[in-house]
Amino acid sequence: MILRWILYYHQKEILRGLIEYPYVTGTSIIGIKYKDGILMAADMGGSYGSTIRYKSVERLKQVGKHSLIGASGEISDFQEILKYLDELILHDNMWDDGNSLGPKEVHNYLTRVMYNRRNKFDPLWNSLVIGGVKNGQKYLGSVSMIGVHYEDDHLATGFGNHLARPILREEWREDLSFEEGVKLLEKCMRNLLYRDRSAVNKLQIAKITEEGLTVSQPYSLKTFWNFAAFQNPTVGATGSW
Amino acid sequence: MRSECINYGYTYESPLPVGRLVYQLADKAQVCTQRSWKRPYGVGLLVAGLDESGAHLYNNCPSGNYFEYQAFAIGSRSQAAKTYLERKFEKFTESSRDDLVKDALFAIRETLQGEKLTSSVCTIAVVGVGEAFNILDQETVQALINEFEISGEEAPINESVAEQSVGDDQRSAAAEEAAPMDI
């Protein structure tokens, strides 16, 4: 009897978070500041565990006039985040008072959302990258599913932390041109494509400047598999065929 | 008001635009006019601040009405100041900071009905692009008054008159009358 009462009134708290794992996930996002603004890259894969189930998932989205968000992790949670942001931007626009939320404000808002969900043991299973330019100021920030957040000149989520950031640490510069920035991102994405099993060879690059945002059409990277060691992979392994 | 600003800053790491602040304040004031067990606020406010689209000045009433102005005055003898400002305000967007302070002092002088304007009965606060909110100290205010030669022709006759001018100024800064908006 008492148990039923407890369950009835505290159902949400008891059941929430007990069973929580992601189902359809996106892999790394990479973001860099460049001369005129921010560049972000993401592939278009949605994995269902070890299966590459969806291959046209857009993981880079515009937020208001000044910001761009990229998400890795649970895609349905990203869709919910986009709903929250849509409402946020709507109310901001409805004021119609010449003020608008920039990337810094969006980043901090999302940090609060992610951290509060974490505290309720009901996280949004995402790592987000928010970038944008407002009044000449470039901004690039990241939030994780537990609310850890920081800003930097170059960021990555997921496997990108291990495979892309070392490249960015060596080769990122303050005054990259657009072409140089894209080349740098492609170098990181190619590395991820070789080494991250949930990466797919179909990516988009988004550019956001003071003027506005453009998301490229999906395209593929050229890869090279003709290494000598791949020709006869089993040649050194005794017992293999 | 501080709560609203702090809460907004906590969520967005950005200052709450003045226009949105006065809106939220006005809503709270209005509720007090509609619930039978509450009473309206006993103060009108002039709220000034900066946001993305520049400098703004608002007047919040106990009724819950609020309006934006280029220049305004409130209090029991504010009409004299308003008359002065009405003549001058169109030039304010091009005026320098110091000229604006001078205009404010002139406007305040109008409300004194001939009494002497001194820094002991007058406070000036300034906020602007590149200048954080600050209250000018008494010496600076007195220097400005002297510089602009606006302390008035007649010195106070006796002590009681001087006390009265202090009291009057306190009342000017206090609640607005319950009269409807004089637009």
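This is a predicted model: local features need pLDDT of at least 70, side-chain atom pairs count only at pLDDT 80 or more; totals for chains, interfaces and linings use all residues.
Figure 1. B:Tyr12, B:Arg20 and B:Glu52 supply 51% of the area that chain B buries against chain A, more than any other three residues.

**Figure 2. Salt bridges between chain B and chain A.** The rule (a side-chain nitrogen of Lys or Arg within 4 Å of a carboxyl oxygen of Asp or Glu) finds 4 salt bridges across the interface. A:Lys104 forms one with B:Glu13, with 3.9 Å between the closest N and O atoms.

**Figure 3. Helices α3 and α4 of chain B.** Helices are DSSP runs (H or I, at least four residues), numbered from the N terminus. The axes of α3(B) (residues 78-88) and α4(B) (residues 97-110) come within 7 Å and cross at roughly 145°; axes are lines fitted to C-alpha atoms over the stretch in contact, with angles from 0 to 180 degrees between N-to-C directions. Residues making the contact include B:Tyr84 and B:Leu85 of α3(B) and B:Phe106 of α4(B).

**Notes.** Residues are numbered from 1 along each chain as its sequence is written, and chains are lettered from A in the order in which they are written. Local features need pLDDT of at least 70, side-chain atom pairs count only at pLDDT 80 or more, and totals for chains, interfaces and linings use all residues, while side-chain values use heavy atoms, without hydrogens and water.

Notes:
Helices (H or I, at least four residues) and strands (E, at least two) are DSSP runs, numbered from the N terminus. Contact means heavy atoms within 4.5 Å. Buried area is the accessible area (1.4 Å probe) that two parts lose on being put together, summed over both.
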